[in-house]
Amino acid sequence: MNELVSMYRAHKGKVTDRWASYLSHYERLLLPYRERPIRLLEIGIQNGGSLEIWGKYFPHASLLVGCDINPLCKGLAYDDPRIAVVVADASTDRAQQEIEARSTSYDIIIEDGSHRSDHIVDAFARYFPLVADGGIFITEDLHCSYWQEFEGGLANPYSSIGFFKRVADLVNHEHWGVAVDRSAYLAAFATQYGSRFDPTSLSHVHSVEFINSMCVIRKRVEAENQLGPRLIVGEIEEVSNGAKLYNGTRSLALDQTNNIWSNSAAVDLSNHANLSERLIELEGHLAAQSSKVSTLEQHISDLAEDALEQLNTVVQGRDAQLAALIAAQSSPAVRLARLMERAAARLFPLSSIRRRMLRSSLRLAERIYRYGLFRAVVPSRGALENDEPTAGAVVGSNAAAHPAEYAQWIRLNEPSANSLEKQRSASPEYNALAPLFSIILPVYKIPSGVLAATITSLQRQTWQNWEACIAYADLANEGNWELLQRLAAVDSRIKIHKLAENGGISRNSNAALEMACGEYVALLDHDDELTPWALHDMASRIKLRPDADFLYSDKDSINASGTIRRNPLFKPQWSPEMLYSVNYLTHLNVMRRTLVQEVGGWQPETDGAQDWDLFLRVTEKSRRIEHVSGIHYHWRTIAGSTSTGIGAKPYAALGQLRAIETRIQRLGLPASVLPSPESGFRLVWQFGTHPCVDLVLHGGKSPLAAVEILNAVLEEADGLLASVSLIASSDFDLSIIPDWLPGGIQVHKIVADGETALTEAVDQAARAGEAPVVMLLDAKVKRLGRHSLRELVGWTLLHPEIAFASALVMLQDDTVIEAGRVAGDDLRTQPLFRGMPLRHWGPLGGPLWYRNVSSVASTAVAFKRDACLFSNYIGRSLADAVAGCCAGAVSSTRRGLVTPYARVYLDSLPDEVTCDWHESFRSDPFFHPAFGSVQPLTLA
């Protein structure tokens, strides 16, 4: 066993931590320095035990400096006067200045900090110039460079291991054959991480050695890093003559200017990164296609299931008909029919004019018998069969629903046949009191059976004061055009216009809008259906709220045949931030026609998301936005419909991005928009690093836990913290926390025992600062999602209508603890989505959507300062106080938000007493009265 290993195993002082293999390598690497008066710098010392061991191993060392970001390291004390500790973030100028103040030159530097790629690259840029020639720079724990959590990945060109691979090329700089400066070769890392590389120091890189999880870089003067002259000795040349002529010559690199692998484009790492990103993008497309295939397979399975159901019904019908025929063979009617057949054969021969006239007369009689003289014309059985055998049936009251919970809700809540008849009977006299609805219905490439079902759903409306404005663009399909002509001929409410060409969904919709005369327009896709009571309920709400400019309802999906209802979406009241994740408004939507015209109608550049974009523009100018509760729209799942997923219309993603970007510009929000691989789009706030948030860290029971989460905050803070208040129980030793943190951040220490005292302490902490944002963070949080602090502060600081913003609270396995809270009377709240997977979507959407909420927990929430009214709740628990502040902050112009891009993680469910279900929860505007339970989330 080598001596360093023996010292390490025998150590009894401060705790230190290293992988076993490191020690044997350190013995080999550091033995040449052991008897010299070396100066050593170690970045990342934790409990400080390593400095004690280095003091024993290097008896003649003149200086041993440790640097750590943890403020508790300020309390580390050593008997060895050679040991000094710098408490600072090593990636800051202040830390560098303090380290250089101790010494401007070090023989050994060990980098064992955060292990993040940006910090490792920055540490090399800052401190390798301090390594003396003949010295050594060691980086530990490079296995982290393969992990995304540390800004790494096996093929990530900007990982720390990728950086050191580039540094290895510097050793052979004289052989490159191209005029590329060493620092230029590392320029991509300088751009990526904001680091500055000293060209002179880079020329002193002598060797780069990779060991498992370690990189060792030796430094020497530039002259010692050259290949040097060629040395040829000996006298006998039996194989190759003339070799001695090259004695003393130097290596000349071949010109590689025209080498595609050495030119500037190849050397520029950003090009590699772009290619990698393109590869990732293509892999994403492949994954999307795979998802699309899965969706199609499911769709085919659904169609097959529906077809089998219908086939069984047909077979049963045919069996019954056959039995009836067999039973009737001997009946008088059959004998009479045979006599009539023989008479017809004699009186009307097959090829005679009399036979053709008889057939024509019988067909006319059948048509009159089936449809009457004045009823709407519907396609024949043959027309339906020529399109889709399983598509086109209008949804009826006997349609099945899945799951059973939803079927039960339908039975209990939707209008009965008697109720619909009463609506229909009252409609004529009610028409004079409410507006005409213009149904905007662009038609393009749709099976005639589906189109007939869509229009039939209009004709079944109990509210009859409507007009269908149909813009027809399927110019190659004369059958559907003739169908529409027949329908319009017998129902004056159906207005049709055949376009000169297909202009795309937006232009076609605008053409339908030009036909509209109603005070309100309602949107109906050519493959979907309205429930019979849809327009009646909209008219009733308009009568109640005549200033309503925009109305929307809940919806569900139906299969192609209209025999199965599924996937209900029960929507919250107006939730503008949710629209950044998903067009939750979808269907049914009713808008004041003049307002739609005022904003310019549909925009062709947003095709695929044209309704989404229109809703954003119309709601920005609406006086009142009304949510009409209940299912009023059936979204049919057929191939090519966006109800089968975004892959059905891939151009839609670009239209969605344009819609969100232009909204952000109109609102003047200082944010950029990025597509999110998890859900919709993400707003990235653009603001500097000025102090703007007072942090209140509460619930502290373990000093170590409090320090760990405080360190995590400091890593993310990036200059945003103005002050920190640490609230802890009386058995917490607050003296171990320094009064000031790196960057001049003052720490307020407050003792509070018990829940009611905690509220008073939070109020005191909030009053102690002056920053525009006050953020509460529970000390029990074990992990803070990256950029979570900036996400919460950005929404609260920069969005004028967001009074508070909360993170998603999660378990370590991505199980949701809560995504906001449902609020009721007397400060009652219950957590939303508790126990559900992160990637879950159901009747209320999912936790990965931006979600406007009425209340949140105190786990991780940022408030506008004027919303921190904790003094109103002294004597109540902190949970009640937070609920009260939320309730007081929400108004017609301000609201709360849970953002899925801020996440905090706990080890276990919080120890809290949650209240039982209360009927007042149904009144939470961001919940829905269809539900009868929050935890678990179930329909009433």
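Student: Why is Ala253 called partly exposed?

Tutor: Its relative accessible area is 35%. Buried means under 20%, exposed means over 50%, and partly exposed is in between (1.4 Å probe, protein chains only). So Ala253, at 35%, counts as partly exposed. By the way, this is a predicted model, where local features need pLDDT of at least 70 and side-chain atom pairs count only at pLDDT 80 or more, while totals for chains, interfaces and linings use all residues. Residues are numbered from 1 along each chain as its sequence is written, and side-chain values use heavy atoms, with hydrogens and water left out.

Student: Where is Ala253, and what does Ala253 touch?

Tutor: Ala253 sits in the loop between β7 and α10 (264–267); helices (H or I, at least four residues) and strands (E, at least two) are DSSP runs, numbered from the N terminus. Not counting residues up to four places away in sequence, Ala253 touches Glu174, His175 and Gly177, where contact means heavy atoms within 4.5 Å. The C-alpha atoms of Ala253 and Trp176 are 6.7 Å apart, although 77 residues separate the two along the chain.

Student: How do you know that Lys555 has no salt bridge?

Tutor: A salt bridge needs a side-chain nitrogen of Lys or Arg within 4 Å of a carboxyl oxygen of Asp or Glu. For Lys555, the nearest side chain of opposite charge is Asp556, 7.7 Å away. Lys and Arg count as positive, Asp and Glu as negative, with His and the chain ends not counted. So Lys555 is buried without a salt bridge. Lys555 belongs to strand β14 (residues 550–558), and its contacts beyond four places in sequence include Thr586, Tyr633 and Trp635.

Student: What makes β1 and β2 a pair?

Tutor: Two strands pair if DSSP finds at least two bridges between them. Strands β1 (residues 39–43) and β2 (residues 63–68) have five bridges, in the parallel sense, so they meet that rule. For example, Ile43 has Cys67 of β2 as its bridge partner. Both strands are in an open, mixed sheet of seven, ordered β3-β2-β1-β4-β5-β7-β6.

Student: Why are β3 and β6 called edge strands?

Tutor: β3 (83–87) and β6 (205–211) each pair on one side only.

Student: What makes something a nonpolar core?

Tutor: A core is a set of buried Ala, Val, Leu, Ile, Met, Phe, Trp, Tyr and Cys residues joined through side-chain atoms within 4.5 Å. The largest one here has 90 residues, and Leu721 is among those with the most contacts inside it. Helix α24 (residues 703–717) gives the most to this core, seven residues.
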